[in-house]
Amino acid sequence: MTAPNPAALGVIRHDWALPEVQALFALPLLDLLLHAQRVHREHHAPNTVQMSTLLSIKTGACPEDCAYCPQSVRYETGLEREALMEVAAVRERARRAKAAGATRFCMGAAYRSPKARELEVIAAMIREVRALGLQTCATLGMLTAEQARELKAAGLDYYNHNLDTSPEYYGEIITTRTYQDRLDTLEAVRAADLKVCCGGIVGMGESPADRAMLLLTLANLPEHPESVPINQLVAVEGTPLAGSAPLDPFEFVRAIAVARLLMPRAHVRLSAGRADMSDEMQALCFMAGANSVFYGEKLLTTGNPDVERDRRLFERLGLTAEALEGEAHAPQQPAPGEECACAHSRAHAETAA
Ligand code: SF4
């Protein structure tokens, strides 16, 4: 394994080799955290967190067989299926998310790929959410180049499509679409000039080399994803991965730190699994370079720490919500009768005076 040269960390590269990435994973944890936090501060404002809210706009009955997912039609998980939501209902949820401090609203639908009629409705949702002044993100499965262009035309900012794991381990997790299918969707999304949100899941029984390969594959894409969600497996009863042995939490922290080092400009998002993490574990993840979270609402079909817990945690850590470009700070004034849940509540009161 090649020992990393600390002075070269933080450089934007797309030619990482596996031994280099493994050498980062092998660093003493505190050295890794130190490098990751230093690189983080070279590229991002310290102590700020971008806050996204994720809404499941169509739940369950997905024909795919992703082994971790309770939304697959193939597994008995007791999940209640829900048809595609009405546009007005999505608009209302987005309005509430914004009032609670979110700057990005992500709409997730359990599709292999969306059909023309569904895409039309989703385009209408995107226009409504954007009109509220929120960034928009969607995760709808595989897209053709034309579908990606349609979403872009509707005002979509980001498209989420994860690689999930390493190319080598992928066949253990999903058989109904290939790794190349995923890469093709990412290419279509880039070609439509959409921003890319792409990451993976750890704790699915993969080896340390698989974790390194996942991050290497992301970092060696022609452009780094703007957002990199790192999910910790939520082992849902009824899915093939139920009962998986939990990953050592420090291995999760290492994955966050290595993602930060390989993709210095990306927002690294602490995603699924956060509900099960202690406040101290989350603080370590922020130290490792995580600077984005899903906030409020529900994380597709698994729980997310409630807004109040997040608010207390951000206050205790001195973290604030990242502002959208051109805004003094991200959250807007809450609607009458609604309390703002962001870590800037005092600033609201002061600026409103
Ligand atoms: S992860 Fe997405 S594509 Fe896979 S089963 Fe779940 S909803 Fe379907």
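Helix 1 passes helix 7 in a right-handed crossing, a crossing being right-handed if the near helix is turned clockwise from the far one by less than a right angle, and left-handed if anticlockwise. The model is a predicted one, in which local features need pLDDT of at least 70 and side-chain atom pairs count only at pLDDT 80 or more, while totals for chains, interfaces and linings use all residues. Residues are numbered from 1 along each chain as its sequence is written.

Two packed helices are described by the angle between their axes and the distance between the axes. For helix 1 (residues 18–25) and helix 7 (residues 208–219), the angle is about 115 degrees and the axes are 9 Å apart. Axes are lines fitted to C-alpha atoms, for helices over the stretch in contact, and angles run from 0 to 180 degrees between N-to-C directions. Leu18, Val21, Gln22 and Phe25 of helix 1 meet Pro208, Ala209, Ala212, Met213, Leu215 and Leu216 of helix 7, where contact requires C-beta atoms, placed from the backbone, within 7 Å. This contact comprises 9 nonpolar, 1 polar and no charged residues. In this classification Ala, Val, Leu, Ile, Met, Phe, Trp, Tyr, Cys and Pro count as nonpolar, Asp, Glu, Lys and Arg as charged, and the others, Gly among them, as polar.

The crossing of helix 2 and helix 8 is left-handed. Helix 2 contributes Leu29, Leu32, Leu33, His35, Ala36, Val39 and His40 to the contact, and helix 8 contributes Phe250, Arg254, Ala257, Arg260 and Leu261. By class, these are 8 nonpolar, 2 polar and 2 charged residues.

The chain as a whole has 11 helices and 10 strands, defined as DSSP runs numbered from the N terminus (helices H or I, at least four residues; strands E, at least two). Of its 353 residues, 49% count as buried. A residue is buried if 20 or more other C-beta atoms, placed from the backbone, lie within 10 Å of its own, exposed if 12 or fewer, and partly exposed in between. Among contacts between residues at least 6 apart in sequence, 77% join residues at least 24 apart.

The largest nonpolar core has 99 residues, of which Met107, Tyr159, Leu215, Ile256 and Ala259 touch the most other members; such a core is a set of buried Ala, Val, Leu, Ile, Met, Phe, Trp, Tyr and Cys residues joined through C-beta atoms within 7 Å. Helix 8 supplies the largest share of this core, 9 residues. Beyond four places in sequence, leucine 215 touches Val21, Ala255, Val258, Ala259 and Leu262.

Individual loop residues were also examined. Proline 225, in the loop between helix 7 and strand 7 (227–232), counts as buried because it has 29 C-beta neighbours inside 10 Å. Alanine 61 lies in the loop between strand 1 (48–58) and helix 3 (87–99) and has a positive phi, near 60 degrees. With 14 C-beta neighbours inside 10 Å, alanine 61 counts as partly exposed. Aspartate 193, in the loop between helix 6 (179–191) and strand 5 (195–197), likewise has a positive phi, near 65 degrees. Aspartate 193 is exposed, since 9 other C-beta atoms lie within 10 Å.

Definitions and conventions: Two residues are in contact if their C-beta atoms, placed from the backbone, lie within 7 Å.
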